[in-house]
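Subject: Structure for you to look at

Hello,

I am handing over the structure below. My notes on what was found follow it.

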Amino acid sequence: VGLRLTTVTGAPPGASAASTLNDRLRSDSVQFDSFTPTRAGDVMLSHVNAGETSANAAMTAGAFHAVQQVAAGALAYRLGDTVLVDVAWNEPVTRPYGAYLRVASNGKQHLRQADVTIRNLARGTVDGRAECLPTEFRPRAQEEVSRRSGWGGKTSFALNPLSSVWRVIGRLKDPCDLVGRGALAWSLRNDCRAEDRGDGSLWIPMWARWCREGWGLLGYSLPEAYDAAGNRAADFAHAPVTINNARARNVVPARATVGDVIVRAPVVLAGKRAPSVAAAGLAQSRDAEPAVVELYAEPASFTWNMYRRVVEAGTQVQFHFYFDQPVKRVKLFIGAVEQTAVVRHTTIAPAFAVHKPCANGVNLNNWLQQHQLVALTETFNNPGTFDSDDDFLDATINGQWASSAQGAGGDVPCTGFWVLRGAGTFRVKRLCARRQGLLNQEGVTTNAACSDTEDRVYITTAGYNYHRAAVTMTAGMIAQLNDGPISVRWQVMGINNRWGGLIESAAFFNGAQANSNDVATVSARTGPGFNPKDACNRNAVAAFDQPGSSIWVAVDKTPPVLTSVSVAVSVAQASVSNLIAARGDTVTVTATYNEQLDPSNAPLYYTATGQRVNPTQVYFQMATYELVVGTTIPATDGTLSLTFGPVSDVTGNEQAGGVVRNVFAEGKTVTIQSKPSKGFLLDMLGAGYILSCVTNSGNGLSDVISGPNHVFSVVLDSATSLSVAAATVAGASTGVTATLSITPGGSTVADSRLTVTRTVTAAGFNDGATINWNLVLRTTTTCLSGTGACPVKFEVNRCPAAGAVSITGGVATVTAWTPPVVADFTPPTITSLSMVPGASVDLGAVVRPTQSARVTAVASEPLVQGANTNPSAVLNTQGCAATQISNTETASLAAGSTATYQYLLVLRTLAGMAGCLTSM
């Protein structure tokens, strides 16, 4: 950006500004490409190392996922493992916009972006072609919503070459990013063996399919890849096979095919050959106080401030709780005083305790009476359209768990189920509360009798492992909260009807970070790569404002704080820290705050006058201002002082006052100069600071022409100390030497001589062009206001002619300037030559011995020979028996000419010269 182009794209190697016009305009051939890139070959899966390969091979496949056959090209991975997916195209393409990996049942959960990377494989790259893409990518739909909300992500970018093979690297360290919320809470329990035990172990409908089939197959997609011509490849996607507990007919195939990524569940699955009961975990006591395992906050609306999701008064926030055991009731508190209503979850089936009374030979009807239950006569039979009896049971319980039966005195709740496993089809009966009004209804109830020892009875606990509370934030709530992650408190009642203690969210999150013993069994089963401290939102307080995922909500009541200010001046500087900006120069100021700014209210002010300057760009927490001296800000001699703010953040918090800065990052200061640096030479001459200025061509024959290897120089003598900001000769600083020394005869270091030289070569100078030069110098002089000492910056690009400077009253006048020096690399040529005999014009170009002739030669440019500005000439005779050089006289320039020379030639007497040819 900003560079001058001297050749077209694709010009031959080595072409430069010195090349011929033909080479500079000649380009390689351009290929027309309208073909859409296509996928090539199968997806290649691999483990990140041999350790993960062997660890997966050693595990019992059937106990940790539902896949029965794993074809070549499919692989299984544990939580904590790294998935490598190599996807190839038939030609090099740009890096896909993103890579999305998911197997979540809700279809919306992806691996967090911080755990996914994309890189090209070297074997497929194309040199010289690259694109700049953000390193943090999000689903397009999610990103569009985020951007409209002021999302503060995408802070880093990278250049990516085109490649025909792209590798996706996904780290499976968080089960809840893989399969959805509730995964870690489910992993802690032994509920998947409830049917086998029948000892009151809990069957949880919302996790039932996970228990039987694991977590399914990971899906992945790579959208938006383009070839070099801009043709978009078809978006590549490998569809996931998700396990959705709410859809009983969603089935995992028994055979995994090429490209399938099998995600291992961290518990032994129901109906599988388990290594041991201990491997699946032990049932928890019902007397233990329920504990939160996962906690999420989901605002209906919010403002992105950096990576924080900030909520305001009037915003509804849903809090999602996942417990380690069923919970009947939840109280939720926001702040110290405000209290929400008691929350109960009523949208999903509760947990059921599973019993097998028939296995012990008891009378089932009596057993039901002891539990105050009665079986209905109606029967739900498996119609044979379900993949399994368990899928049919899921559908029945999810559809009938809150049903009732009509009794004589009104509706009677039916909250239990009896599964009959005896002869005939798999069938289910509802169990209702044992009330006389229902028993008196003829044909509605039946005496229960075991059909098989494997008959099961499901009795509701009226408890849920998942609760959701919808809270509308009030100004009173927010007033009690500190800035940062929103703090909530809760109290829960277990299925034993006892209220537990009051728990605070920060304590829960911090405890999960400091101590992960509650999920130690999960870690032991999944491998050392799984970090339970960071799984399932358990690091919300530590990472609520970090890139990768938005995992909590925050309150923001504090205005932005200015953290740093950097400055740069548009022209070269002699000092790294003490900068000078003359009239017309641009000072670029970048102010960085600790949070994202509101672009409509992020001004700075010129402190001396209060002049407001709005930013030219606001990029999240950084505001950039371009101050043009004399336009945007006044051109007054003195130190630049700026007042930043008051500014507002994106949530509307405004600073009470501005912050004044005149010393910026790295200790830099900026001095404003009321006059432009160009044309400043006359002021320096008038004040007596510049004593002399001389250019030298380096050519002993001419002061105005420099040829090959001559050393062009500028010598500037001053009565003040100088420093050099920039020195260019022929438009370049390369090869330029600038040397400062004490002026000969000077007595102090303030008397400076600056000598600037550059050797003239054809590679860096244009033949026949004036050698332009420019010096940007810095010194300290009397301020232009007339008082005090000020640093000033001035430019010199020509020297006054000797004796052409007159100073009157401190004002300098230059009547003539030193002639410019021209670069000359072309040898001279004689463009015309004529000879006129002195004896007789009638003889034409014939000269006889002892006679003379007048010769006129016209050259392409003035000629010199040694110290003689009019070069001598000789007469050569050819074609004769003898050759003799004639006498000539020195040339004389024709009147009014700079390159027309006249010679008088006199031939000597020479026998046999008749008919000889002559030449000069």
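Asp-115 and Lys-173 form a salt bridge, with 3.3 Å between the closest N and O atoms. Asp-115 sits in the loop between strand 5 (100-102) and strand 6 (116-120), and Lys-173 in the loop between strand 8 and helix 5 (175-179), so the pair ties together parts 58 residues apart in sequence. Asp-115 is buried, at 5% relative accessible area, whereas Lys-173 is partly exposed at 28%. Both residues belong to a network of salt bridges that also links Arg-112, Asp-174 and Asp-177. Please keep in mind that this is a predicted model.

The salt bridges come to 18 by count. Another of them joins the side chains of Asp-86 and Arg-167, at 2.6 Å from N to O. This pair also connects distant parts of the chain, since Asp-86 is in strand 4 (residues 82-93) and Arg-167 in strand 8 (residues 157-171), 81 residues apart. Asp-86 and Arg-167 are both buried.

Lys-675 and Asp-683 make a salt bridge too, their closest N and O atoms lying 2.9 Å apart. Here Lys-675 is partly exposed at 34% relative accessible area, and Asp-683 is partly exposed at 28%.

Lys-793, in strand 49 (residues 789-796), is buried with a relative accessible area of 3%. Its side chain has a polar contact of 2.9 Å with that of Asp-585. Lys-793 also touches other residues, among them Ile-580, Phe-680 and Leu-777.

Lastly, strand 14 (residues 292-299) has seven of its eight residues buried. Strand 14 runs antiparallel to strand 17 (residues 316-334), joined by seven bridges; Ala-297 has Phe-319 as its bridge partner there.

Regards

Methods: Residues are numbered from 1 along each chain as its sequence is written. This is a predicted model: local features need pLDDT of at least 70, side-chain atom pairs count only at pLDDT 80 or more; totals for chains, interfaces and linings use all residues. Side-chain values use heavy atoms; hydrogens and water are left out. Helices (H or I, at least four residues) and strands (E, at least two) are DSSP runs, numbered from the N terminus. Buried means under 20% relative accessible area, exposed over 50%, partly exposed in between (1.4 Å probe, protein chains only). A polar contact is a pair of N or O atoms within 3.5 Å; within protein, one must be able to donate a hydrogen and the other to accept it, and residues adjacent in sequence count only if both atoms are side-chain atoms. Contact means heavy atoms within 4.5 Å. Two strands pair if DSSP finds at least two bridges between them. A salt bridge is a side-chain nitrogen of Lys or Arg within 4 Å of a carboxyl oxygen of Asp or Glu. Lists of a residue's contacts leave out its neighbours within four places in sequence.
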